[in-house]
Every structure is written in C-alpha cells, then in structure tokens.
Amino acid sequence: MNVVAVTDARGAIVNAELLAAAEGVHRQLRPHIREDYVGRMKEVFAGGAEMAVAVVHGNVAGITVFRVLEKTHSGRDLYCDDLITDESQRSSGVGHALIEYMEAICRERQCDTFSLDSGTWRQQAHRFYFREGMTITSFHFDKKISKAPTGIKFS
C-alpha cells in the first residue's frame with residue numbers, strides 16, 4: 001500500500017488521475033457532493049484543503065482531505081475533513097496508513113495538534129480513532145444556514 005498526494009501543500013492538483021479515481025470512495029461517506037466532483041474538489045482545495053489517497057493494487061482504497069489551520073485554542077492544527085476507507089478495505093490498515101501520513105505532515109509542518117470531527121452515530125469509526133491514540137476533547141456545535149442538502153443521515 002502506498003499513500004500518494006493528490007494535491008501539493010498549496011492545494012494544487014498534482015495527480016488528476018487519482019483525484020478522479022477517488023470519487024467512488026469519497027462518495028461512500030459524502031454522497032451529497034455535487035455531480036461535478038472534480039469541480040467541487042477544486043473549490044475545496046482553493047479553500048486550503050489538500051488530499052491524499054491510499055492505493056492498494058492500483059486502486060484507491062482510502063482517501064483523506066485535510067488542511068492546516070492556525071487556531072487560538074490549539075495552535076497550529078492539522079484538521080482532517082474526511083478520512084474514508086473503501087468499504088471493501090476496512091480493517092486492512094488503510095485508515096492507519098492515512099493517519100500515519102497526516103501525522104508525518106503534522107511533524108513536518110510543526111503542528112501542535114491533529115484533529116477531526118466524527119458523527120456521533122459512527123461508533124466503529126470512534127473505536128478506530130481511540131485505537132489510533134485520539135481522544136474526545138470537545139463537543140462540536142453547528143447550525144445549518146444554507147438550504148443545500150448535507151447528505152447526513154441520522155438513522
């Protein structure tokens with residue numbers, strides 16, 4: 001398994017083929033991303049995000065979308081927007097490899113913290129994050145402002 005950057009640190013796409021190949025895995029968690037996947041991801045990258053994928057036997061087995069932010073409460077933080085392992089590859093080390101990749105970037109860029117949010121209903125993901133040494137440090141509150149669908153299902 002290899003973890004390969006899809007964008008550089010500025011969010012510029014360095015591997016358009018892998019970006020296109022990541023769509024199916026990305027939609028497993030984010031089915032609401034608009035039909036123009038590449039166009040939408042370019043907007044996300046323009047906002048400071050980066051992307052990397054885990055490749056197993058030539059196929060995208062997992063993806064991460066992340067960004068480095070300066071925060072008043074936690075210093076320099078690598079925040080992970082999305083961490084997704086293909087359903088057929090779960091428990092095979094893909095998620096761990098992506099976490100290791102982001103932790104290496106944290107060290108390289110002198111981040112103080114590595115963080116992510118996870119839906120309260122995603123207990124399997126939470127067990128994984130605990131095994132990876134992460135802890136719950138706060139509650140995340142939000143309020144929906146736009147009418148755009150989120151794709152979040154609470155069932």
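Helices α1 (residues 16–29) and α2 (residues 37–46) of this predicted model have axes that come within 10 Å and cross at roughly 90°; the two helices are therefore roughly perpendicular to each other. Angles of 65 to 115 degrees count as roughly perpendicular, and the axes are lines fitted to C-alpha atoms over the stretch in contact, with angles running from 0 to 180 degrees between N-to-C directions. Helices here are DSSP runs of H or I with at least four residues, strands are runs of E with at least two, and both are numbered from the N terminus.

On the α1 side, L19, A22, E23, H26 and R27 meet Y37, V38, M41 and F45 of α2. By class, this contact (heavy atoms within 4.5 Å) has six nonpolar, one polar and two charged residues.

Within α2, Y37, G39, M41, V44 and F45 are buried, that is, under 20% relative accessible area with a 1.4 Å probe and protein chains only. The buried residues of α2 pack against α1, β2 (50–56) and β3. After α2 comes G48, with a positive phi near 110°.

Residue S74 lies in the loop between β3 (59–71) and β4 (75–85). S74 is buried, and its relative accessible area is 18%. Leaving aside residues up to four places away in sequence, S74 touches D112 and T113.

Residues are numbered from 1 along each chain as its sequence is written, and side-chain values use heavy atoms, with hydrogens and water left out. As the model is predicted, local features need pLDDT of at least 70 and side-chain atom pairs count only at pLDDT 80 or more, whereas totals for chains, interfaces and linings use all residues.

Definitions and conventions:
Buried means under 20% relative accessible area, exposed over 50%, partly exposed in between (1.4 Å probe, protein chains only). Angles under 35 degrees count as roughly parallel, over 145 as roughly antiparallel, 65 to 115 as roughly perpendicular and the rest as oblique. Ala, Val, Leu, Ile, Met, Phe, Trp, Tyr, Cys and Pro count as nonpolar, Asp, Glu, Lys and Arg as charged, and the others, Gly among them, as polar.
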